Amino acid sequence: MRNLFTPSPDEGPAARLRRLRPHAGHGLCSACWQRRPERPFVAGENLIARLADPPPWLGEVIGHLAAGHSPARACVLIGQLGRLLGDEHPNHPQALLERARLPGRSMGPLARGLEIFFVERDLALATDHAERLAAGRRRRRIDAVPGPLRPAAEAFNTFLLRSRERARRAGTLPRADVTLDIKLSTLRDLGQHVSARGKQDWALVDVHDIEAFLAAQPKNRPRRLQIARQFFRFAKTHKMILIDPTSGLSAKAAKGFIGKTLTLDQQRRLFQRWITDPAVHPHEALLGILALLHGASSAEVRHLRLDDIDLASRAIRLGQRPHLVPLDPASWSTVQRCMAHRTTQHTSNPHLMVTKGTKAGRSPASVAYVSHVLDPAGISPRMLRSTRLIDLVNTMDAKFVAAAFGMNPEGVMIYLADHIDEGRLTAQPEQG
């Protein structure tokens, strides 16, 4: 952090004087005054003294807001709360919570803080903000369905909502909002798929369209087929179609590796990027090299701790692997670079990969962070790991690979099943 009393060469005399002017009565600059932890409580005391009839829970609300926000943000929220308490409307917790809500997809930090406080103390009921957001998500998914196919999607959405209400009245397990989102998302993708194939009516969809739709995401085939079956059963019941195109399809897909791998040239370019380019972030180089050369998964790298690194033998322990993984010079240099980067963060977090959000605690880097670490390289950790596993399984004994990686033998065998590359088959001479 730059010293506030150090003059900047880009500042003029007037701007420098305004920045250096201390806060009245405290001898502090504005930035230091904004960070004082007692500011929200001083603002709360002033608010209570200003109100003619302050609510009995106001002091606890002020403490709740101060604990969940920075001093400056808490003071802003207390000021907003004071304006709501000083108007002509009733100050009952439920009415106050409704007035604090902001229009739009976000209800605002003040409304969220008040809702948590009032609901935990049984002073008010939770708002319907989650239901509004879910309704908006469903609306956006339906609007994304091509126009001629949209009325059937609208009817299917109404059917799902009515089924959920019946389940609630019957006391059974109703479908959650995320389940409805998945169903409508799949229906949206199916509608866009058949529309791209030149079909603008659900009655024209045949089994070949469904097979092509399921082949686009083989790993999601069972779930997508189940949702498609539910929709077409609904459409057939309501006379929208005559024949169900999903009736003869099976949810089982052929076992075997169907993902993408890297060519040797692509692997060489990535290796050069992570070893020679100093502009690459140490976390990207660490995850990329360990996944490319040692088949490490993103979970193994994000849970790698300092005590998992053997400095004497230059080896690391990855996940549930039964033995230490010896590192080559390139891999060891990336580990050392990541350790040097971690030292600059001045953290006590025991993990090697430390981010801004985890340097103050002891938890590993988030899954979302690790999943985007390799975005600058345009690659995913899964593709790197799959490339390494396929190379090892097809050049060594699959059982040895399973034992070295701590995997089940069944999980390794899928990398042996592959599609035949007809370009590698030698042409047979014609028999005369």
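**Exercise 1.** Which residues does P90 touch, not counting residues up to four places away in sequence? State also where P90 lies and whether it is buried or exposed.

*Solution.* The model is a predicted one.
Step 1. P90 is placed in the loop that joins α5 to α6 (93-100).
Step 2. Once residues up to four places away in sequence are set aside, P90 touches A95 and R99.
Step 3. The relative accessibility of P90 is 54%. Exposed means over 50%, so P90 counts as exposed.

**Exercise 2.** Determine what span helix α3 should have and what span it has in the model. Then describe where its buried residues lie around the axis.

*Solution.* 
Step 1. Helix α3 covers residues 39-50, which is 12 residues. The expected span is 1.5 Å times one less than the number of residues, so α3 should span 16 Å.
Step 2. The end C-alpha atoms of α3 are 17 Å apart, which agrees with the expectation.
Step 3. The buried residues of α3 are R39, P40, G44 and L47. Viewed down the helix axis, they fall within an arc of 135°, and therefore line one face of α3.
Step 4. On the face turned away from that buried side, α3 carries the exposed residues E45 and A49.
Step 5. The cover over the buried residues of α3 includes α2 (30-34), α4 (58-68) and α5 (71-85).

**Exercise 3.** Classify the crossing of α5 and α7, and describe the contact by residue class.

*Solution.* 
Step 1. The axes of α5 and helix α7 (residues 109-120) come within 10 Å and cross at roughly 80°.
Step 2. Angles from 65 to 115 degrees count as roughly perpendicular, so α5 is roughly perpendicular to α7.
Step 3. From α5, the contact is made by R73, L77, Q80, L81 and L84, and from α7 by P109, L110 and L114.
Step 4. Sorted by class, this contact has six nonpolar residues, one polar and one charged.

Technical notes: Residues are numbered from 1 along each chain as its sequence is written. This is a predicted model: local features need pLDDT of at least 70, side-chain atom pairs count only at pLDDT 80 or more; totals for chains, interfaces and linings use all residues. Side-chain values use heavy atoms; hydrogens and water are left out. Helices (H or I, at least four residues) and strands (E, at least two) are DSSP runs, numbered from the N terminus. Buried means under 20% relative accessible area, exposed over 50%, partly exposed in between (1.4 Å probe, protein chains only). The arc is that of the directions from the helix axis to the C-beta atoms. Contact means heavy atoms within 4.5 Å. Axes are lines fitted to C-alpha atoms, for helices over the stretch in contact, and angles run from 0 to 180 degrees between N-to-C directions. Angles under 35 degrees count as roughly parallel, over 145 as roughly antiparallel, 65 to 115 as roughly perpendicular and the rest as oblique. Ala, Val, Leu, Ile, Met, Phe, Trp, Tyr, Cys and Pro count as nonpolar, Asp, Glu, Lys and Arg as charged, and the others, Gly among them, as polar.
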